[in-house]
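Follow the paragraphs below with the sequence and the structure side by side. They start with a pocket and then turn to other features.

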Amino acid sequence: MNARTLMRLTFANPASAAYLGLFGASVAFEVAAALLSDPGIVGIWPVLIAAPTSLLAAGLDAAIGGADASVWFLAGGVCVSALIQSFVLGAFLEFLRGRRRGPAGPSRG
């Protein structure tokens, strides 16, 4: 798999674009809530949208850093989790499109 295929599957298909748009909107809302007032529990939404891989990142954060873990390590893990899931969505959509076309028949020469 080359870089172009990786980018196409991660960013340039409807499922991945919608997912990353939803994730980005939740992050923007979290940042706005943190800047304008007390965010409360708003910060959980990006983690839940990127679940289940973000929960793995949170577990790694707690295992490596313990109680003194950096919030930036967790934020980076959640963002990487969203990118991984975007790629998986793109690959799954590509798989479904391939199945809809059916198996490749003999070529006409």
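The lining of the largest pocket is made up of 13 nonpolar residues, one polar and one charged. Here Ala, Val, Leu, Ile, Met, Phe, Trp, Tyr, Cys and Pro count as nonpolar, Asp, Glu, Lys and Arg as charged, and the others, Gly among them, as polar. This is a predicted model, in which local features need pLDDT of at least 70 and side-chain atom pairs count only at pLDDT 80 or more, while totals for chains, interfaces and linings use all residues. Residues are numbered from 1 along each chain as its sequence is written, and side-chain values use heavy atoms, with hydrogens and water left out.

The largest pocket has a volume of about 390 Å³. Its lining has 15 residues, and those closest to the centre are E30, G43, P46, V71 and A75. Two or more lining residues come from each of helix 2 (14-36), helix 3 and helix 5 (71-101). Helix 5 gives the most, with six residues. A pocket is an open set of points on a 1 Å grid over the protein atoms alone, where a 1.4 Å probe fits, with protein on both sides within 12 Å along at least five of seven lines; lining residues have an atom within 4 Å of a point. The volume is the space filled by probe spheres set on the points, which are joined across faces, edges and corners. Helices are DSSP runs (H or I, at least four residues), numbered from the N terminus.

Helix 3 also holds I44. This residue counts as partly exposed because its relative accessibility is 36%, between the limits for buried (under 20%) and exposed (over 50%), with a 1.4 Å probe and protein chains only.

The loop between helix 3 (44-49) and helix 4 (53-65) contains P52. A cis peptide bond, with omega about 10°, joins A51 to P52.
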